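Hello,

Here is the structure I said I would pass on. My notes on it follow below.

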Amino acid sequence: MRLSNIAILIVFGAGPVLAEGAPDVSNDLTVDMAPQQYRICNDRPARPAWMDELHPREAYKALTMMDLYELRAWERIAETEDCSCETRFPGWDEVSVEYAERFATSSNAEHTQAQLQIRRERNDIRQVVQDICEAQGNW
């Protein structure tokens with residue numbers, strides 16, 4: 001037999017074996033409107049509505065806001081050594097004010113630079129925050 005015939009036999013022989021491990025595929029595209037469930041702290045405050053109403057080209061604004069929100073929460077955890085749900089997921093009011101003052105009129109490029117700086121700051125305290133939250137069962 002030629003090499004190409006052997007390759008075809010191998011492929012056809014492997015087909016049923018590969019099909020057995022194929023994941024179940026569903027054609028159900030129904031949208032589930034149930035509230036999202038998290039592993040921890042399911043009673044999180046809703047983020048500002050404007051973040052969900054942004055045009056996709058302005059999604060960078062929401063990313064900056066979320067990064068700033070998490071940084072401020074992590075700073076509070078590191079300062080107080082408290083990782084309760086109220087500390088880890090505070091209201092959005094303070095961060096909304098800070099965002100409006102610092103970033104509301106910034107360009108996309110300025111947002112990108114701000115996000116990088118915020119993430120550096122967050123990474124600097126990550127291990128401290130993680131240790132506190134793991135010890136309190138909230139990581």
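Are Y99 and F103 buried or exposed? Both Y99 and F103 are buried, where buried means under 20% relative accessible area, exposed over 50% and partly exposed in between (1.4 Å probe, protein chains only).

This is a predicted model, in which local features need pLDDT of at least 70 and side-chain atom pairs count only at pLDDT 80 or more, while totals for chains, interfaces and linings use all residues. Residues are numbered from 1 along each chain as its sequence is written, and side-chain values use heavy atoms, leaving out hydrogens and water.

Aromatic rings: the search of the whole structure gives 4 aromatic pairs. Rings of Phe, Tyr and Trp (its six-membered ring) pair if their centres lie within 6.5 Å; planes under 30 degrees apart count as stacked, over 60 as edge-to-face and the rest as tilted. Y69 and W92 have ring centres 3.7 Å apart and planes at 10 degrees, so this pair is stacked. Y69 and W92 are both buried. The Y99 and F103 pair is tilted, with 6.0 Å centre to centre and 45 degrees between the planes. Ring pairs also join W50 to Y99 and F103 in a cluster.

Charges over rings: R44 lies over the face of Y38, 3.6 Å from the ring centre. The charged end of R44 also sits over the ring of F89, 3.9 Å from its centre. The criterion is NZ of Lys or CZ of Arg within 6 Å of the ring centre and within 35 degrees of the ring normal.

One more residue: R122 has 12% relative accessibility, so R122 counts as buried.

Regards
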